[in-house]
Amino acid sequence: MIILVYILNIYQLIVFARVLLSWFPDVDPSHPVVRFLYDATEPVLQPIRQFLREQFPQMGPFDFSPIVLLVGIMISQRILTSIF
């Protein structure tokens, strides 16, 4: 199970890197690293984003899906480490 915690740590870094990329609008979206970050995170972020927009339309243009995902990863890690 420790391996799963490490995998979650790596995924957490990937999500964080994607968030950092969003701060730089001039980044080339076709760059392989950028494509990897989007391809690795979008399948998880999209359902969260859709749920948040349906449940909380008053949030406006702000995308809180990475924050929700990162909190979910942290909670999962704590649960896994407390179980094992």
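Which residues make up the largest nonpolar core?

## The nonpolar core

The largest nonpolar core has 11 residues: Val5, Leu8, Tyr11, Val15, Leu45, Ile48, Leu52, Leu69, Leu70, Ile73 and Leu80. Helices α1, α2 and α3 are the elements that give two or more residues to this core. A nonpolar core is here a set of buried Ala, Val, Leu, Ile, Met, Phe, Trp, Tyr and Cys residues joined through side-chain atoms within 4.5 Å. Buried denotes a relative accessible area under 20%, exposed over 50%, and partly exposed in between, for a 1.4 Å probe and protein chains only. In soluble globular proteins, nonpolar side chains tend to be buried together.

Leu8 is one of the core residues. Not counting residues up to four places away in sequence, Leu8 touches Ile73, Ser76, Gln77 and Leu80. Contact requires heavy atoms within 4.5 Å.

## Basis of the values

The model is predicted: local features need pLDDT of at least 70, side-chain atom pairs count only at pLDDT 80 or more, and totals for chains, interfaces and linings use all residues. Residues are numbered from 1 along each chain as its sequence is written, and side-chain values use heavy atoms, with hydrogens and water left out.

Helix α3 comprises the 19 residues 65–83. Helices (H or I, at least four residues) and strands (E, at least two) are DSSP runs, numbered from the N terminus. At 1.5 Å a residue, α3 should span 27 Å, and its end C-alpha atoms are 27 Å apart, which agrees. The expected span is 1.5 Å times one less than the number of residues in the helix.

Within α3, the residues Ser65, Pro66, Leu69, Leu70, Ile73, Gln77 and Leu80 are buried. They cover an arc of only 130° around the axis, which places them on the same side of α3; the arc is that of the directions from the helix axis to the C-beta atoms. An α-helix has 3.6 residues a turn, so residues three or four places apart point the same way. The buried residues of α3 pack against α1 (2–21) and α2 (32–55). On the other side of α3, Arg78, Ser82 and Ile83 are exposed.

Met74 also lies in helix α3 and is partly exposed, with a relative accessible area of 42%. The C-alpha atoms of Met74 and Asn9 are separated by 8.7 Å, although the two are 65 residues apart along the chain.

## Salt bridges

The structure holds four salt bridges. A salt bridge is a side-chain nitrogen of Lys or Arg within 4 Å of a carboxyl oxygen of Asp or Glu. One of them joins the side chains of Arg35 and Asp39 (3.1 Å, N to O). Both residues lie in helix α2, four residues apart, about one turn of the helix. Arg35 is partly exposed at 36% relative accessible area, and Asp39 is partly exposed at 49%.

Arg49 and Glu42 meet through their side chains in another salt bridge (2.8 Å, N to O). Arg49 counts as buried at 10% relative accessibility, whereas Glu42 counts as partly exposed at 25%. Asp63 forms a salt bridge with Arg49 as well, the closest N and O atoms being 3.1 Å apart. Asp63 lies in the loop between α2 and α3 and Arg49 in helix α2, so the pair ties together parts that are 14 residues apart in sequence. Asp63 is partly exposed, with a relative accessible area of 34%. Salt bridges that share partners join Arg18, Glu42, Arg49 and Asp63 into one network.

Arg18 is placed in helix α1 and counts as buried at 12% relative accessibility. Leaving aside its neighbours within four places in sequence, Arg18 is in contact with Leu37, Tyr38, Thr41, Glu42, Leu45 and Arg49.

## The aromatic pair

A search of the whole structure finds one aromatic pair. The ring centres of Phe62 and Phe64 are 6.3 Å apart and the planes stand at 45°, so the pair is tilted. Rings of Phe, Tyr and Trp (its six-membered ring) pair if their centres lie within 6.5 Å; planes under 30 degrees apart count as stacked, over 60 as edge-to-face and the rest as tilted. Phe62 counts as exposed at 56% relative accessibility, while Phe64 counts as partly exposed at 35%.
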